[in-house]
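Dear colleague,

Please find below the structure that I am handing over to you.

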Amino acid sequence: MPVGDVNLVPLLPINGVRIGIAEAAVRYENRRDLSIFEISDKANVAVVTTQNAFAAAPVQVVRSHISKTMPCYLVINTGNANAATGQEGIDRAVAVCQALANKTGVDMVEVLPYSTGVIGERLPSERIIAGLDAALADLKADNWLNAAYAIMTTDTTPKGHSVQTTIDGTTYTVTGISKGAGMIRPNMATMLGFVATDANISRPLLQRILATLTNQTFNRITVDGDTSTNDCCTLIATGKVGTLIDDENHAHYQAVFELIKEVMLKIAQLIVRDGEGASKFITVKVSGGQSLNDCTKVAYAVAHSPLVKTAFFASDPNWGRILAAVGYAGASIDQACVNVLLDEVVICQRGGLVDGYTESLGQAVMNRPEITVSIDLGYDTAYVDTVYTCDLSHDYVSINADYRS
C-alpha cells in the first residue's frame with residue numbers, strides 16, 4: 001500500500017491539450033494501456049530523457065523528433081518498454097508515429113512515442129496501431145486522470161496533481177501526471193512524466209525550466225537506485241493564457257515557475273510513496289557541506305543504502321548504518337563535525353554518541369510512517385540538498401521476482 005496521503009486533487013484540464021485513452025492489449029487484455037496527447041499548434045514542448053546508455057528505442061526517437069520540430073501528438077503505451085530491441089525497436093516506434101501521423105494529417109516527426117513496461121521484448125506495434133482510432137475518438141480535455149491510470153505498470157495508485165493561480169487578472173493552470181514505482185533513480189527524468197500549463201512560455205525558457213526543476217524534483221527521488229532505460233519527462237506550454245514569458249525578468253515568471261515546481265515535486269514524491277513494497281516515506285536532508293555536490297552525494301548514499309533502507313523497514317534505530325553511508329559517500333567529511341537527527345531526535349552529535357539518547361527514543365521515530373533524516377556535515381555553509389526515498393521490504397523482492405508473470 002502507498003505511504004501517506006496519495007489522494008489526488010481534481011486534475012484540471014489545460015486549454016490546448018486533449019487526451020484519448022484506449023485498450024490495445026499491449027500486454028494484457030481489458031487494460032487501458034494506450035494514451036494519445038493532442039497538443040494545440042503554437043504550443044512549445046520541452047523534454048528531458050534518461051541518461052542510461054541503453055536508452056530505449058522510443059527515447060531515441062523522441063530525441064530525434066524533438067530536435068527537428070515541435071510535436072502535435074504524444075503516443076504512450078504501457079506493458080512493453082521497447083528497450084534493448086535494436087533497430088527493429090526503432091522501426092516499430094517510428095511505424096506507430098507514422099500511423100498516427102497518417103490519421104491526423106501531421107508529419108511523422110511531429111509525433112513523439114513513449115513506452116514503459118518490460119525490457120527486451122518486441123513491441124507489438126500492430127496492436128498499438130490498431131488501437132489508435134479508439135484513442136483518437138476518446139480525445140477530450142478532462143482525461144488526465146484516465147491517462148494517469150493508463151500509464152501505470154507496477155504502480156498501485158495513479159499519480160497526478162493540479163494547481164492554479166491568478167496574477168494581475170490572468171489565471172494560470174498547471175496539471176501533471178507521472179508513473180513509476182520501481183527502477184527509480186531518475187537521471188534527467190522520471191520513468192514517465194507529463195506536465196502541461198496554459199502559460200505562454202518561449203521554447204528556450206521552457207527547456208531551461210524543465211532542466212532546472214527536474215534536478216530539484218525527479219532527480220531527487222530514489223526507490224531502488226536503478227535508472228530506467230525509458231525515463232522521459234515532458235513539459236508542455238500551450239500559450240493559451242497571458243503574454244509571452246521569454247525570460248526570467250517577466251513579471252509572471254517566478255509565479256509560473258513555482259506552480260510548475262509544485263506539480264513536479266508532488267508527482268515525484270507520489271512515485272516514492274508508491275515505491276514497490278514501501279511502508280515508509282523517508283526524507284534525507286543534508287546541510288553544511290563544503291559544496292552542494294557534497295550534500296547531494298551524502299543524501300543519495302544514505303537514501304540508496306540497502307542496510308539503511310532495511311533498517312527503516314524493520315523500524316530498527318541502527319543509526320550506525322547512516323553514519324557508514326555518510327562516510328563512504330565520497331564527500332569531504334570531518335566526522336567530528338557531523339550531527340544527525342531522526343525527526344526531532346538527535347542521534348549523533350559531533351560524530352559520536354549523544355548524552356541522553358536512548359534506544360526507545362530512536363525506536364519511537366522509526367515506528368513512524370514518514371521520517372526525516374537530517375544530516376549536518378558541520379561546515380559553515382548554506383549548501384543544502386534533499387532526496388526522497390522509501391524503505392526496502394520483502395514485498396519489493398516479491399514484486400520484482402514476479403514482474404513478468
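**Cavities**

Val75, Ile76, Asn77, Ala93, Val96, Pro113, Tyr114, Ser115, Leu123 and Ile128 line the second largest cavity. A cavity here is a set of points, on a 1 Å grid over the protein atoms alone, where a 1.4 Å probe fits but cannot get out, and a lining residue has an atom within 4 Å of a point. The model is a predicted one, in which local features need pLDDT of at least 70 and side-chain atom pairs count only at pLDDT 80 or more, while totals for chains, interfaces and linings use all residues. Residues are numbered from 1 along each chain as its sequence is written, and side-chain values use heavy atoms, with hydrogens and water left out.

The second largest cavity holds about 50 Å³ of space; a volume is the space filled by probe spheres set on the grid points, which are joined across faces, edges and corners. Strand S4 (73-80), helix H2 (86-104) and strand S5 (111-118) each contribute at least two residues to the lining of this cavity. Helices (H or I, at least four residues) and strands (E, at least two) are DSSP runs numbered from the N terminus. The lining of the second largest cavity comprises 8 nonpolar, 2 polar and no charged residues, where Ala, Val, Leu, Ile, Met, Phe, Trp, Tyr, Cys and Pro count as nonpolar, Asp, Glu, Lys and Arg as charged, and the others, Gly among them, as polar.

Among the residues that line the largest cavity are Phe312, Asp316, Trp319, Arg321 and Met366. Helices H8 (306-313) and H9 (320-328) each supply at least two residues of that lining, and H8 gives the most, with 3 residues. The lining of the largest cavity divides into 8 nonpolar, 1 polar and 2 charged residues.

**An aromatic pair**

There are 5 aromatic pairs, counted when the ring centres of Phe, Tyr or Trp (its six-membered ring) lie within 6.5 Å, with planes under 30 degrees apart taken as stacked, over 60 as edge-to-face and the rest as tilted. The ring centres of Tyr114 and Phe194 are 5.0 Å apart and the planes stand at 80°, so this pair is edge-to-face. The pair joins distant parts of the chain, with Tyr114 in strand S5 and Phe194 in strand S8, 80 residues apart.

Strands S7 (residues 170-179) and S8 (residues 192-201) pair in the antiparallel sense over 6 bridges, and Ser178 stands opposite Gly193 in S8.

Strands S10 (residues 281-287) and S13 (residues 370-376) pair in the parallel sense over 7 bridges, with Lys285 opposite Ser374 in S13.

Yours sincerely

Conventions
Two strands pair if DSSP finds at least two bridges between them. On a 1 Å grid over the protein atoms alone, a cavity is a set of points where a 1.4 Å probe fits but cannot get out, and a pocket is an open set with protein on both sides within 12 Å along at least five of seven lines; lining residues have an atom within 4 Å of a point.
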